[in-house]
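Reader: I am new to protein structures and would like to learn how to read one. Could you walk me through it?

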Amino acid sequence: MKKNWEALVLKAMGGKDFRLTVLESEPVNEHYHRLLVDGGGLLEACGVHPTMWIRLWFDNDGRPHQRAYTLVDPDPATGRFHLEFALHDGCAARWATAARPGDTIDATVQGSGFTLPDPTPTHLFLAGDAASLPAVNSLLDSAADIPATVWLEYAHEGEKALTPRARAHHEVVWVPRRDGGRHLVETVTAAIPSDPDGAYYWVACEAASTRGIVKHIRKGLGVAKQRVDALGYWSAR
Ligand SMILES: Cc1cc2nc3c(=O)[nH]c(=O)nc-3n(C[C@H](O)[C@H](O)[C@H](O)COP(=O)(O)OP(=O)(O)OC[C@H]3O[C@@H](n4cnc5c(N)ncnc54)[C@H](O)[C@@H]3O)c2cc1C
């Protein structure tokens, strides 16, 4: 895949490039698709951490199109991991559903990093959706003993069939996508308690919803920035 100036900037920032090979392609349902890939040395070179994501280079009518995707169950012993795609009318989603074993795609690792705050949080408040479910799951796995409240926005009923990796002390609340995401913002901001001591907040929804929720946590509740991680995972257009 021909790359562009973005690739040069990422390289200058220490980005590492790999070629992934599709090993298995499995529709989960009409709204979600899972691939098993060989990482081409990515896991050995970069290690793994919760919420770890990579930049995939899709071909968009001959032009490079870079989008972020999360590693699911990376296995350093085999060098393999899964990728899970929330489906919509986009280049990345289209590539995923058409991908067959043997297909390859280029990936760059640059910008991903994560550590839970120290001391260990007393409670996790997580807000996400189908696109960030892989990252939510990796957080629930890595902090399995910590109580958590998870809000997941869904645009289609079928997305509720995706099973978050929740334990008994993890509460999952599914929230329908309404009013361009404002319903999620209202639901989360109304339910989130006013800064319980030692809580940690992680927000990865549509970009405007993410901003709305984070504004409430930081400015409304006065939570310190070290206890909040947030990234808009996609933009409604
Ligand atoms: C750190 C990070 C990790 C991510 N990990 C994952 C992951 O593991 N799995 C995953 O599915 N996504 C993930 N995403 C989101 C993914 O990168 C975006 O959804 C991306 O825009 C998809 O690219 P595209 O080429 O398919 O669509 P684009 O060309 O970006 O957009 C085309 C159209 O689709 C709409 N659109 C894009 N994404 C979505 C969506 N999720 N839901 C509804 N409509 C959408 C846009 O508004 C636009 O109208 C991640 C994002 C980040 C920042």
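Author: Gladly! Let us begin with an idea called buried area: it is the accessible area, found with a 1.4 Å probe, that two parts lose on being put together, summed over both. Keep in mind that this is a predicted model.

Reader: Which two parts is the protein divided into here?

Author: Domain 1 covers residues 5-109, and domain 2 covers 123-230. Their C-alpha centres lie 24 Å apart. Where they touch, domain 1 supplies 11 residues and domain 2 supplies 15.

Reader: How much area do domain 1 and domain 2 bury between them?

Author: About 1,000 Å², with 63% of it on carbon and sulfur atoms. On the domain 1 side, the residues losing the most area to domain 2 are His-31, Tyr-32 and Thr-51, which together account for 46% of what that side buries.

Reader: What about charged partners? How many salt bridges are counted between domain 1 and domain 2?

Author: To call something a salt bridge, we look for a side-chain nitrogen of Lys or Arg within 4 Å of a carboxyl oxygen of Asp or Glu. Between domain 1 and domain 2 the count is 1. Take the side chains of Asp-73 and Arg-165 as an example of such a bridge: they meet with N to O at 2.9 Å.

Reader: Which elements give two or more residues to the side of domain 1 that touches domain 2?

Author: They are strand S1 (16-29), strand S5 (72-75) and strand S6 (80-86). The residues on that side of domain 1 divide into 5 nonpolar, 4 polar and 2 charged.

Reader: How many salt bridges does the structure hold?

Author: The structure holds 10. One is between Arg-19 and Asp-106, whose closest N and O atoms are 2.7 Å apart. Arg-19 sits in strand S1 and Asp-106 in strand S7 (residues 104-109), so this pair ties together parts that are 87 residues apart in sequence.

Reader: And the rings? How many aromatic pairs does the structure hold?

Author: There are 9 aromatic pairs. To name the geometry, look at the angle between the ring planes: over 60 degrees counts as edge-to-face. Phe-58 and Trp-95 are edge-to-face, with 65 degrees between the planes and 5.7 Å centre to centre. Phe-58 belongs to strand S3 (residues 53-60) and Trp-95 to helix H3 (residues 91-98), and the pair links distant parts of the chain, 37 residues apart.

Conventions: Residues are numbered from 1 along each chain as its sequence is written. This is a predicted model: local features need pLDDT of at least 70, side-chain atom pairs count only at pLDDT 80 or more; totals for chains, interfaces and linings use all residues. Side-chain values use heavy atoms; hydrogens and water are left out. Domain bounds come from an automatic or database domain assignment. Contact means heavy atoms within 4.5 Å. Helices (H or I, at least four residues) and strands (E, at least two) are DSSP runs, numbered from the N terminus. Ala, Val, Leu, Ile, Met, Phe, Trp, Tyr, Cys and Pro count as nonpolar, Asp, Glu, Lys and Arg as charged, and the others, Gly among them, as polar. Rings of Phe, Tyr and Trp (its six-membered ring) pair if their centres lie within 6.5 Å; planes under 30 degrees apart count as stacked, over 60 as edge-to-face and the rest as tilted.
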